[in-house]
Amino acid sequence: MSVLENLPLGDAPSQAHAANQLLGGGVAGEYLGVAAIDPVGGLLALLSAPVIYISVVVSWLIPVVLALMAGRFFCGWMCPFGSLARGIAGILDRLPWRIPSFVPPRLRVVRFVLLGLALTAGAIGSQWLLYLLLPHLLLQQSAYAVWLMGGGGAALGALLGLLGVGVFFGPTVYCATVCPTGAALSLAGRRRVVRLEIIDKPACGAHCDLCDRACWLFLHPSEGEPGPDCDNCARCVEVCPRDNLRVVARPPWTKRKASLVPLVPLIVGVWLASTNLVVAAPADDHKPALLLDARREVGATNIAISIVDLTGVRLEADDPRQLDGLEVSVYVVRGPRGEPDERGRLPAREYYQGPLRLRMVGTDGLDHELAFESPQYPHSTPNRSIYREHVKVVLRPGDAVILAPIDGWFSETQRWEIPAPNAGREGLRMLAFMGVGVLLFGGVTALALGLRPREPGAARGRIAGR
């Protein structure tokens with residue numbers, strides 16, 4: 001199901017924020033109305049959430065149960081970035097020239113280190129590392145930003161950087177050697193039920209490796225057991241000239257000692273039964289939206305104004321009450337900023353503390369005036385300098401905010417216009433984060449590959465038409 005078909009309609013900024021509230025750590029796919037949540041990010045969200053919703057638990061259990069049954073099934077059949085990476089690999093296969101790929105090592109330790117670091121950081125309340133390393137989150141954020149806010153920004157820049165690294169190292173190398181979710185699912189899939197096996201190994205001959213070259217995760221099905229990273233995509237089965245490979249279902253205790261891994265869903269179920277589960281869907285939460293943040297110099301006077309939309313914001317996660325309206329803040333100051341003294345104190349500046357009038361004029365007929373007698377903030381000091389008011393009006397891009405002249409400070413009316421979201425800054429921001437993405441993902445991927453040389457001749461994994 002395409003991302004575009006699921007995009008909400010309506011007011012773009014608020015809907016974009018609602019779309020970016022990634023349920024339980026990131027919805028990686030939605031099929032027949034049932035979402036599948038990234039198992040690593042979803043686990044952190046479940047452990048830290050004050051209230052656990054049954055819908056989130058079910059969505060999180062889907063890829064976990066699938067991993068226990070069929071290994072990295074989630075990566076090959078449900079993750080949107082995995083599909084994108086294989087699509088790019090197919091395009092590169094059809095080019096008139098060949099781009100050689102790097103050879104991933106058999107022992108892929110770096111991804112488990114990154115998984116441990118991401119889980120540790122998430123457990124102490126910081127999930128930034130997880131958001132950087134999970135490519136399907138970047139893909140979703142980029143899609144929402146492009147279609148709903150008119151620009152990709154940081155997420156699209158980082159995604160383009162990752163794709164650029166994929167063209168250089170190999171489009172699917174990141175999935176095979178770096179992705180923390182892939183590492184977690186491979187651990188869960190060590191005792192999987194559905195697996196690939198070779199029927200008669202001597203029948204393959206001494207030099208046939210077509211199945212190895214067809215594997216998008218750089219595994220070795222020709223050896224009889226591709227390992228827990230196998231997602232049962234059956235590409236190797238299709239290219240085998242002797243039909244010597246098959247996908248079978250076998251209990252995990254047939255050849256190996258029974259594992260406690262299949263008991264994970266039962267343990268999770270017992271733990272969840274002791275918590276306060278909520279059947280209803282989570283309430284729509286919103287974060288404050290900065291509509292205007294401007295600074296202006298008029299002679300020796302500096303004017304700063306900010307307008308924050310608090311509509312739908314809750315002060316606490318468990319507080320059902322939601323705020324409404326805008327918070328308008330203004331301050332006017334003059335005099336040089338100066339340099340700090342030996343104690344780090346800045347020289348005193350003169351703040352305006354008299355009456356101030358501000359008008360908000362909308363293209364839809366809005367005309368609202370704010371009249372301040374004196375600044376009210378900050379409360380912690382007797383010398384207050386910030387004019388602040390909470391008003392229940394709606395400002396849209398193109399609406400104007402007008403500050404009346406102040407005798408002795410500036411003589412002309414000052415006017416600002418509410419800009420479109422991220423207007424004029426997305427291009428440079430996207431390029432900057434694209435560079436960051438190239439450095440970050442390129443460095444991590446090179447580390448995961450162990451700086452091994454490129455494969456000469458026919459690149460691994462490049463089967464015509466695959």
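Biologist: What share of the contacts between residues at least 6 apart in sequence joins residues at least 24 apart?
Modeller: In this predicted model, the share is 68% for the protein chain. A contact is called on heavy atoms within 4.5 Å.

Biologist: Which residues does phenylalanine 433 contact, leaving aside its neighbours within four places in sequence?
Modeller: Phenylalanine 433 is in contact with Ala154, Gly157 and Ala158. Phenylalanine 433 belongs to helix α15, residues 426-449.

Biologist: Why is phenylalanine 433 called partly exposed?
Modeller: Its relative accessible area is 34%. Buried means under 20% and exposed means over 50%, so 34% falls in between and phenylalanine 433 is partly exposed.

Biologist: What makes glutamate 223 and arginine 106 a salt bridge?
Modeller: Their closest N and O atoms are 2.7 Å apart. The cut-off is 4 Å between a side-chain nitrogen of Lys or Arg and a carboxyl oxygen of Asp or Glu, so the pair at 2.7 Å qualifies. By this rule the count is 11 salt bridges.

Biologist: Which parts does the pair of glutamate 223 and arginine 106 tie together?
Modeller: Glutamate 223 sits in the loop between α12 and α13, and arginine 106 in the loop between α5 and α6, so the pair ties together parts that are 117 residues apart in sequence.

Biologist: Is arginine 106 buried or exposed?
Modeller: Arginine 106 has a relative accessible area of 56%. Because exposed means over 50%, arginine 106 counts as exposed. Glutamate 223, at 44%, is partly exposed.

Biologist: Which salt bridges does glutamate 225 form with arginine 192 and arginine 195?
Modeller: The N to O distance is 2.7 Å for glutamate 225 with arginine 192, and 3.2 Å for glutamate 225 with arginine 195. Since the limit is 4 Å, both pairs pass.

Biologist: How do you know that arginine 192 is buried?
Modeller: The relative accessible area of arginine 192 is 2%, and buried means under 20%, so arginine 192 is buried. Arginine 195, in strand β4, is buried by the same cut-off at 7%. Glutamate 225 is partly exposed at 30%.

Biologist: What else does the side chain of arginine 195 reach?
Modeller: The side chain of arginine 195 reaches the backbone oxygen of arginine 192 at 2.8 Å.

Biologist: Which residues are linked in a network of salt bridges?
Modeller: Arg72, Arg111 and Asp229 are linked in such a network.

Notes:
Residues numbered from 1 in each chain as written. Predicted model: local features only at pLDDT ≥ 70, side-chain atom pairs only at ≥ 80, totals over all residues. Heavy atoms only, no water. Helix = DSSP H or I, 4+ residues; strand = E, 2+ residues; numbered from the N terminus. Buried < 20%, exposed > 50% of the residue type's maximum accessible area, 1.4 Å probe, protein only. Polar contact = N/O pair within 3.5 Å; in protein donor to acceptor, adjacent residues only side chain to side chain.
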